[in-house]
Amino acid sequence: MAIDQGEKNPTLLFTDDVLAAVDVLKIRYKGDQRVSLMLAAYFLLRLKADRGNFSDIFEDLAACIILLWKVPPRQRLHEADRLMKQFIMPVAEEAVMLLIDGEHPAPDFLGSISAVLDIARSIVPDSDPAYCQLQQYLALFHQFKFAAYGDSDDLDASIGFGREIIANSNSSTDLRAAARSNLAGTLLKRFEKFGEMQDLEEAINCGNLAISETSATHHERAGRLSNLANALATKYGRLGDVHDLEESILLLEQAVELLDDTHRDLPGRLSNLAGVKRRRYLDFGDRNDIDEAIILLRKAEALLQDGHRDKAMFQSNLGAALQIRFDHHEDDADLQEGIAFKRAAVARSSSESPQRISYTSNLADSLQARFELLHDAEDAEESLRLANTVVFSPLESTWFRCKAASRAAMFAAEHGFKDIAATMARTAVKLVAELSSGEVTIRSTQELLSRVSGLASDMAAVALQCNDAPAALSYFDQARTVRLNQVLSHRAELAQLEHALPERVSEFTELRRSLDSELPYFEVTYPVDPVVERRQSAAQWKSLLNEIRLHPDLKEFLNPPSAKDLCSGVGSDPVVIINTSRLRCDAVILQDRALSVVELPGLMQEAIDNAERWVTAVKDLDNEAITEILAWMWSAFAERIVRNLGIDQQDPEKSDGQRVWWIPTGPLTVLPIHAAAPLSHDGVRSLDLLDLVVSSYATTVSGLVKLKQQSEAEFRTERALVAGVTEVSSELDFLESLGLRPLPYARVEAESVASLYEAHPLLNEAAESDAFSSRLPAADLVHIACHGVIDLLDPSRSGILLYDRVLPASTLIEQDLRSLGLVFLSACETANFGRRLVDEAISVSTAFQVAGARNVIGTLWPISDGPGSEFATAYHRELMLLRSSDPGSAAVTLNKVVRVHRDRYPDSPWHWSGYIHFGV
């Protein structure tokens, strides 16, 4: 981060004579007010005469000023007041300069600076223009204090002072620009610590405004460009917009061009530029980028003296870049040199420095790589010791520690360190739960969870590698669909709280509502920073849960269920988790209170390849490729699972409509497992999964158990809500960009389905979002024919396009729809989980399910208007013919209709295999 000092205060000239006997006075009369005054004058004269050694006398000077300030105002000598008012700002400036130029500051030294700055705040009135400059010093002080010791309160304080400067009408344009730039850097640090997206957005806004207020020749322009570039690079890393990456590189190249080789800030700018080039190499693979990044980092590291505070950071960054080049180009020299630089970084950094943890993590990664190359057990053991330090450090962010724990668990499990693997896996899952503690908004929580994507499956695989199937089930269930399970748990267990502790219900619901809401954009008129206020609310939530659990009937309130509870909760029908991980792949089967494991060796890479092929095949309507992938699923895992379940593959009648719930993971989530089928031979079709079982899908076992517990009511269809949207409002201007066209069959479909239930359909204008949403809670059955809108990066924004707007999954999740027996979503991709948050399994279909709908039918990919209408109408006709009150009739009906369409269109699996059932 670039430190922006803004305007410089002119150093005041000291014209008093130096006292000849000062050393005697220091010894004999320490504590006397008049002597302290003379000593302060002496030290200030030293400051003028020998600025380079100011650090040697600062603590003595601070002690004199503090002693004088402690004297009651009425007893304080006039000379003392005059001296402090005259020199407090130069002293404050020099104190902050000590932080900028010095090494890791000791706590006592920071205490002296803090005391001087506090006295300055008391002396300088807020109406004085110098007060804004003092606030800048305070902002910088807390910024450096956080960097030194990692206390997030210092981040909050620095941000607060920066915002006050910007809001102060006495601030000059340049000071305001400096404050904006520093604020951008500090907000970015807080984002990296906690992950609140609003901090990142505000950082970019502040950075842009700082640049707009800075002339092309300003001496701090390079630093301000760099702070904005760092924020844009971080945004790219989180959201993936390549324009942010390219703009970041452009800004950093401009910053470097503004500085010559003697400029103190050049090493930092070179390191920043190297960082974004390294990121571009990882994402796009241009060898020139990683080579240039290493050249830049070598120059930055060489420019710094050995005693410089940032030397360790540049050495660690250089080591990381060398490691990346080794990973992709396998030059052993890069690996060995990278380890040497990383060791130097760890050795050089203070044991109290938060940065030391990231340096340690970098070194652990390289030692693992060298172990893979040379098989030296000492490298493996040292790597795991270092990883343990990282994982259990309170100085690092939760997501970073979580990621480190999962990596260590995978490495330890793969190489036989089973005890360490078990500990790390258990810790990683615990840390995942902390990511959703409410400290940041739902949107930001999703972004944090995307950083540890795949962790649930990986930690389950680690547990299976350690021969602990119950732990595998628990880890998978706790670390997957964290947000959806949280909503389900709060609703399911609220009744317990109402019964046992009714006096705490209001506090529980209000606090939860507060944590589930989005943040308002910060305004300086707010008495409290909403980001800080939210963290305080999260702490209150944690305290409330601890108090609730003191009640004898609520000891396990909102705690995750045990593996034993999960096994007993699913009943007699099997639930099959197909767990994919680079460590190992397995089918974990729960049935009749028992847990079994079917190993699926070699599945992971095949699953990745076939999932990629599937996406292309569906897009191109390549039914031949689709048929081949359905056959691959049958041979790769489906047939083995069917055999393990004891299902007779020769006589499907014996299975008698056997229900099976599938929980696919990773690349398998895009595939229609229920349609797995062997290839036909000589035109003769063999029995497939559709013939042998009635398939449903779930996101987690605990989610399914909770849904079953809430689904005791009969399946009813009396109060049907049917909507069809052929065309949308002309005020919606994004349709063309999404390639959405009118749906002429949507009206016909809605009218046909409505007639079956003797309902009046909401068509076009009548299907506005408010009208539709208001009718949802009272309905037994919902059918909607419209466009589905998918957001692959943020599936909570995916939704159904009603007449006036998109009704997103995030809104649906918050509704109470427990009266709904069935939702049929005749719309495109309503069961698509997106790309970045596959483990969270968020889609329009699962949103309805979490809201309380007992059965939801959605689609994995786009469906055609005409065939989709035909299928939907056929489904409802069959459902009406069945006239069953059994909640499972929704799944049974879907299975039957899919089989009918399969037999009718055997060469077009694209038309009928994409419909899936979630629910009971």
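What follows is a chat about a predicted model and how its parts pack together.

Me: Before we start, what should I know about the model and the numbering?
Reply: The model is predicted, so local features need pLDDT of at least 70 and side-chain atom pairs count only at pLDDT 80 or more, while totals for chains, interfaces and linings use all residues. Residues are numbered from 1 along each chain as its sequence is written, and side-chain values use heavy atoms, with hydrogens and water left out.

Me: OK, how many residues are in the largest nonpolar core?
Reply: That core has 109 residues. A nonpolar core here is a set of buried Ala, Val, Leu, Ile, Met, Phe, Trp, Tyr and Cys residues joined through side-chain atoms within 4.5 Å. Buried means under 20% relative accessible area, exposed means over 50%, and partly exposed is in between (1.4 Å probe, protein chains only).

Me: Which residues have the most contacts inside it?
Reply: Ile578, Trp632, Phe637, Phe772 and Phe848.

Me: And which helix gives the most to this core?
Reply: Helix H28, residues 623-644, with 12 residues. Helices (H or I, at least four residues) and strands (E, at least two) are DSSP runs, numbered from the N terminus.

Me: What is phenylalanine 637 in contact with?
Reply: If you leave aside neighbours within four places in sequence, Phe637 is in contact with Ile578, Leu600, Leu603, Trp632, Leu668 and Ile673. Contact means heavy atoms within 4.5 Å.

Me: What lies apart from that core?
Reply: Another core, of 64 residues, with Phe400, Ala469, Leu473 and Trp661 among them.

Me: What about strand S6, buried or exposed?
Reply: Five of the five residues of S6 (residues 720-724) are buried, so this strand is also largely enclosed by the rest of the structure. Both faces are covered: Ala720, Val722 and Gly724 sit on one side, with Leu721 and Ala723 on the other.

Me: Which strands does S6 pair with?
Reply: S6 pairs with S8 (residues 781-785) in the parallel sense, over five bridges. S6 is also joined to S7 (residues 762-763) by two bridges, again running parallel. Two strands pair if DSSP finds at least two bridges between them.

Me: Is the pairing in the S9-S10-S11 sheet parallel or antiparallel?
Reply: Antiparallel, in an open sheet of three strands with the order S9-S10-S11. The edge strands are S9 (787-789) and S11 (806-808), each pairing on one side only. Strand S10 (residues 799-801) and S11 pair over three bridges, and isoleucine 800 stands opposite leucine 807 in S11.

Me: New topic: how many salt bridges are there?
Reply: A search of the whole structure finds 45. A salt bridge is a side-chain nitrogen of Lys or Arg within 4 Å of a carboxyl oxygen of Asp or Glu.

Me: What does the one between arginine 343 and glutamate 382 tie together?
Reply: The two side chains meet at 2.8 Å, N to O. Arg343 lies in helix H15 (residues 332-348) and Glu382 in helix H17 (residues 377-391), so the pair ties together parts that are 39 residues apart in sequence. Arg343 is partly exposed at 34% relative accessible area, whereas Glu382 is buried at 16%.

Me: Are arginine 584 and aspartate 586 buried or exposed?
Reply: Both are buried. Arg584 and Asp586 form a salt bridge, with the closest N and O atoms 2.8 Å apart.
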